[in-house]
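Trainee: I've got a model open and I'd like to talk it through with you. Can we put it up and go through some questions?

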Amino acid sequence: MKPFVAALTVATLLSLALLPTNAEALYRSSKYGNIDLSGRVRTTNLVRHQDWNQYDFIMQRNELKLRFDWRWIDRGKALNRYKVPWLKRADLFLLYRGIYDSVYDYGPGFSERTDFQGEAMPASLVQLDSLDESTRDSLKFKNRIREAYIDLYFKHLPLTMRIGKQQVIWGESDGFRLNDRANTLDLSWHFFQEFPPPGYGFDELRQPFFMIKGLWDFRQLGPLSQPFLEFYWNPGD
């Protein structure tokens with residue numbers, strides 16, 4: 001019984017130590033329109049193991065996410081000063097995500113591991129010391145603006161437009177994408193093992209594209225209440 005208790009204790013402590021941690025912040029200003037600045041720092045650790053006392057770190061990802069929301073036209077006025085007669089409102093949205101995976105720096109190599117079927121994995125997949133410096137840098141760093149778009153709310157038309165690098169989400173569900181096909185998924189670093197922590201899911205995996213999306217609100221169409229037509233165009237695709 002004692003070995004079992006020891007194994008359970010170690011597994012519990014290890015699980016608590018590897019839980020993703022978050023730190024978030026928010027700043028607001030209304031001098032030049034409504035501006036929201038928010039950010040998040042997150043660290044995620046993943047291990048692969050066959051026994052409770054044998055494990056290898058396969059990811060130590062540190063993430064910085066910054067979000068910028070700016071309602072620069074509100075109630076027909078830009079920057080709270082200049083009249084824009086044809087627009088009721090306009091919002092600017094920027095989302096930055098930077099990632100550093102330190103496992104590619106501290107780990108010169110991994111011990112021999114097996115895949116999910118129990119078969120030995122090729123050495124090229126498990127040995128970090130076989131990677132040159134440029135390859136490591138391309139794997140451990142991600143530094144990009146994920147989303148950048150503008151929302152336009154027209155004053156005399158029941159039409160809203162979203163123009164820029166964005167995600168278009170249709171037919172969203174848990175773990176199953178039937179109609180959610182506008183944006184492809186990036187599975188190079190992530191998949192279902194990261195979905196349970198709060199804040200992770202397809203929104204983190206989709207690759208945003210430059211698209212034009214519109215929504216026409218019919219409000220009332222015969223016996224139908226609040227019907228709308230949504231459309232999008234991905235130029236060049």
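Trainee: Leaving aside neighbours within four places in sequence, which residues is Gln166 in contact with?

Mentor: Keep in mind that this is a predicted model. Gln166 is found in strand β8. Skip its neighbours within four places in sequence, and the contacts of Gln166 are Glu147, Tyr149, Asn183, Pro208, Phe209, Met211, Ile212 and Lys213.

Trainee: Is Gln166 buried or exposed?

Mentor: The cut-off for buried is under 20% relative accessible area. Gln166 has a relative accessible area of 0%, so it counts as buried.

Trainee: How far does the backbone oxygen of Met211 lie from a polar atom of the Gln166 side chain?

Mentor: Met211 is among the contacts of Gln166. Between the Met211 backbone oxygen and a polar atom of the Gln166 side chain, the distance is 2.8 Å.

Trainee: Over how many bridges do β8 and β9 pair?

Mentor: β8 covers residues 159-166 and β9 covers residues 209-217. One spot to look at is Met161, which stands opposite Gly214 in β9. The two strands pair in the antiparallel sense, and the bridges number eight.

Trainee: What is the bridge partner of Trp216 in β12?

Mentor: β9 also pairs with β12 (residues 228-233), in the antiparallel sense over six bridges. Within β12, Trp216 has as its bridge partner Leu229.

Trainee: Which residues are linked with Lys65 and Glu204 in a network of salt bridges?

Mentor: A search of the whole structure finds twelve salt bridges. Lys65 and Glu204 belong to a network of them, where they are linked with Arg40, Glu63 and Arg97.

Trainee: Next, Arg162 and Asp151 meet in a salt bridge; which strands hold them?

Mentor: Their side chains come to 2.7 Å, N to O. Arg162 is partly exposed at 22% relative accessible area, whereas Asp151 is buried at 10%. The pair links distant parts of the chain, eleven residues apart, with Arg162 in β8 and Asp151 in β7.

Trainee: How far apart are the closest N and O atoms of Arg206 and Asp203?

Mentor: Arg206 is buried, with a relative accessible area of 0%. Asp203 counts as partly exposed at 40% relative accessibility. They form a salt bridge, and the closest N and O atoms are apart by 2.6 Å.

Trainee: Last one: which side chain does the side chain of Asn45 join in a polar contact?

Mentor: Asn45 has its place in strand β2 (residues 34-51). At a relative accessible area of 17%, Asn45 is buried. The polar contact is 3.4 Å, and the side chain Asn45 joins is that of Gln60.

Note on methods: Residues numbered from 1 in each chain as written. Predicted model: local features only at pLDDT ≥ 70, side-chain atom pairs only at ≥ 80, totals over all residues. Heavy atoms only, no water. Pairing = 2+ DSSP bridges. Helix = DSSP H or I, 4+ residues; strand = E, 2+ residues; numbered from the N terminus. Buried < 20%, exposed > 50% of the residue type's maximum accessible area, 1.4 Å probe, protein only. Polar contact = N/O pair within 3.5 Å; in protein donor to acceptor, adjacent residues only side chain to side chain. Contact = heavy atoms within 4.5 Å. Salt bridge = Lys/Arg side-chain N within 4 Å of Asp/Glu carboxyl O.
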